[in-house]
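Welcome! Please take a moment with the sequence and the 3D view below, and then let us walk through them together.

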Amino acid sequence: MEIKAEEYTKIIPPPPVVLVSTLHGNVKNLAPFGMNMPVSFHPPLYAVGVAGSRDTYRNVTETGEFVVAVPGPELLEAINITAESFPGEVSEFEKAGLTPVESAMVRPFGVKECQSNFECKLEWVKQAGDHYVVVGRVVAARVDDRIYTEDMSRLMIDPVYHVASRKAEYAGKGRPLDQRA
Ligand SMILES: Cc1cc2nc3c(=O)[nH]c(=O)nc-3n(C[C@H](O)[C@H](O)[C@H](O)COP(=O)(O)O)c2cc1C
């Protein structure tokens, strides 16, 4: 059957949701993003599609730094909370009960409860329709020790998929660590 061109995202597998951590002054901002993907190995580059209205967009373009954190299905509720709009001085880390951890190479914080975190320095931004493509160079990365294995890490990561724009519609496999891969 034919569908509207604008509905094309409905016919590709859902991307994993990542949390993007930024700073506005000393306020620790955190928000979920479904539009995200690796775009280069050398140098290591990561792209996120960010609407211009997001605090994340302002913070990344102002500070040039962000951290990408990969949440598992046990963080669904926390993810939903970080997606809410709070006043600028409120940290989504606190609202969602997530623990900020200091980064090695950038000022924004990682998320302790996430399976992996990688730190990015802004490489470039370009408008793409109703979003901006924000490309960051990955300058440091870390992963939960229990997940890392030389060739299997990608299968050990348990994703939360961005199924639809409505908040509750996520899916994840929710596998305990010892049943992964
Ligand atoms: C699962 C999920 C995925 C989302 N993906 C994106 C995205 O890829 N790009 C975007 O601009 N907003 C996305 N949003 C919306 C933002 O997360 C939301 O507007 C958030 O409040 C923005 O926070 P900020 O203003 O602190 O950046 C998504 C929301 C959810 C719940």
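Strands (E, at least two residues) and helices (H or I, at least four residues) are DSSP runs, numbered from the N terminus.

Two notes on reading the model: residues are numbered from 1 along each chain as its sequence is written. The model is predicted, with local features needing pLDDT of at least 70 and side-chain atom pairs counting only at pLDDT 80 or more, while totals for chains, interfaces and linings use all residues.

**The sheet**

- An open sheet is formed by 7 strands in the order β2-β1-β5-β8-β9-β4-β3, with antiparallel pairing; two strands pair if DSSP finds at least two bridges between them.
- β2 and β3 (36-40) stand at the edges with a single partner strand each, so one side of each has no neighbour in the sheet.
- β1 and β2 run antiparallel and are joined by 7 bridges, and V20 has A31 in β2 as its bridge partner.
- These two strands form a hairpin with 2 residues between them, and G25 in the turn has a positive phi of about 65 degrees.
- β5 and β8 pair in the antiparallel sense over 6 bridges, and A69 stands opposite N117 in β8.

**The core**

- The largest nonpolar core has 31 residues, and V18, L19, V20, V67, V68 and A69 have the most contacts inside it. Such a core is a set of buried Ala, Val, Leu, Ile, Met, Phe, Trp, Tyr and Cys residues joined through C-beta atoms within 7 Å.
- β5 (65-70) gives the most to this core, with 5 residues.
- Leaving aside residues up to four places away in sequence, V18 touches F33, N36, V68, A69 and V70 (contact means C-beta atoms, placed from the backbone, within 7 Å).

**Around the ligand**

- Of the 18 residues around the ligand, A31, M35, R54, D55 and T56 come nearest; a residue is near if its C-beta atom, placed from the backbone, lies within 6 Å of the molecule.
- β2 (27-33), β4 (45-50) and α1 (55-63) each supply at least two residues of this shell, and β2 gives the largest share, 4 residues.

Notes
Buried ≥ 20, exposed ≤ 12 C-beta atoms within 10 Å, placed from the backbone. Contact = placed C-beta atoms within 7 Å.
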